[in-house]
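Colleague: I want to learn how to read charged side-chain pairs in a model. Take me through them, please.

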Amino acid sequence: MKPKRANGPQATIEQDDSAGTGQRLVLSGDWRSRGISSVINQLLAIEKKGGEGRLELDVSAMEHVDTAGAWLIRRLVSARQQAGADVVLIGASDALKDLLEVLPETTPAPAAAGAARATLFQRIFDPVGRTVMEFHADAVAGMNILGSAVAGAQMKLGRSTGVTPASVVTHIDRMGVRAVPIIVLMSFLIGAIIAQQGAFQLRYFGAELFVVDLVGILQLREIGVLLTAIMIAGRSGSAITAEIGSMKMREEIDALTVIGLNPVGVLVFPRLVALTIALPLLTIVANFSALYGASIVAWLYSDITFETFLGRLHEAVDYSSVASGMIKAPFMALAIGIVAAVEGLKVGGSAESLGQHVTASVVKAIFVVILMDALFAIFYSAINF
């Protein structure tokens with residue numbers, strides 16, 4: 001007796017007793033996911049019944065089949081073959097045969113709860129090992145980009161043809177000129193805050209004038225370039241990662257390689273050059289803005305006039321204070337650009353991957369900038385600079 005049909009044709013299984021020896025099943029109807037509900041219990045009963053004789057499956061009358069229906073057939077065939085039966089498919093199309101071949105014979109058993117549990121040693125040192133390997137991979141990729149930059153733009157693979165100046169100027173405008181307002185505002189406030197807090201503390205010793213020394217040396221040697229680099233890492237570094245990552249998702253980087261262009265030379269090198277030019281210039285702007293903010297606060301809170309401020313600043317600051325901060329800027333710019341490019345080239349094919357690598361780019365760039373500043377401070381101290 002055929003099962004009742006509901007909502008269109010359903011899958012059916014009929015027993016054919018004219019097969020002689022063994023068992024013959026005729027599969028017909030719609031063997032897609034919406035039509036197989038009527039035969040699932042029947043298939044389970046046939047699998048449990050088992051048997052070692054011959055089993056013939058006549059699928060010539062099947063109207064439609066998808067992966068769900070093919071999986072049920074594959075499971076029945078595997079169950080009877082494991083029981084020792086000889087299973088033969090009759091009337092199967094080439095498409096159905098190909099589909100049955102790619103389906104696994106059995107689903108993998110879920111891992112036991114105890115077997116999946118790692119030891120305490122593994123839980124402690126596995127993240128450390130993964131971090132070390134990721135650091136090594138990032139370092140190698142960064143050196144590759146830096147080496148390509150040192151060797152030249154290499155727009156064409158195998159040819160050092162330079163880079164288009166218009167591209168560098170465009171990125172200088174985006175990373176440098178458009179960042180001036182936020183850099184000026186941030187540095188002005190930082191200089192004002194340092195001057196205010198320094199004036200309040202030095203007032204107890206009657207040495208408010210030395211707030212000029214404090215602001216001048218601290219801003220020119222450390223704070224100016226460091227905060228500017230951190231701001232650029234968050235603003236321009238994330239933009240570089242997002243741009244390159246979006247191109248990676250849309251396979252534009254692969255297209256550049258196919259037409260014979262070097263992605264590092266076309267995409268990364270102009271941004272590195274622009275950052276190397278823009279960051280020192282922004283540092284100069286930040287220093288002037290911070291000193292101007294400090295001079296206003298010193299005048300308001302300590303009655304230090306602008307003439308007195310400039311005179312004391314000239315005595316407190318020498319060329320080494322200015323040079324020590326400016327020397328760091330190109331190195332920090334290269335570090336920000338390399339980290340951003342490496343993370344951009346690691347983006348996968350999903351928006352989630354893009355967001356993760358943009359976040360990682362900003363975090364890693366800020367960490368590298370602070371680390372470089374600390375290393376420079378140690379180096380300057382060792383050479384008494």
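Colleague: Is Arg203 buried or exposed, or in between?

Modeller: Buried means under 20% relative accessible area, exposed over 50%, and partly exposed in between (1.4 Å probe, protein chains only). Arg203 has a relative accessible area of 38%, so Arg203 is partly exposed. Glu208 is partly exposed too, at 22%. This is a predicted model: local features need pLDDT of at least 70, side-chain atom pairs count only at pLDDT 80 or more, and totals for chains, interfaces and linings use all residues. Residues are numbered from 1 along each chain as its sequence is written, and side-chain values use heavy atoms, leaving out hydrogens and water.

Colleague: What joins the side chains of Arg203 and Glu208?

Modeller: A salt bridge is a side-chain nitrogen of Lys or Arg within 4 Å of a carboxyl oxygen of Asp or Glu. For Arg203 and Glu208, the N to O distance is 3.4 Å.

Colleague: How many salt bridges does the structure hold?

Modeller: The count is 17. One of them pairs Glu243 with Arg271, with the closest N and O atoms 2.7 Å apart. This pair links distant parts of the chain: Glu243 lies in helix α8 (residues 211–249) and Arg271 in helix α10 (residues 263–302), 28 residues apart. Helices here are DSSP runs of H or I, at least four residues, numbered from the N terminus. Glu243 is partly exposed at 27%; Arg271 is buried at 7%.

Colleague: Which residues do shared partners join into one network?

Modeller: Asp138, Glu343, Lys346 and Lys364.

Colleague: And Asp30: which residue is its salt-bridge partner?

Modeller: Arg34, at 3.6 Å between the closest N and O atoms. Asp30 is buried at 2%, whereas Arg34 is exposed at 62%.

Note on methods. Helices (H or I, at least four residues) and strands (E, at least two) are DSSP runs, numbered from the N terminus.
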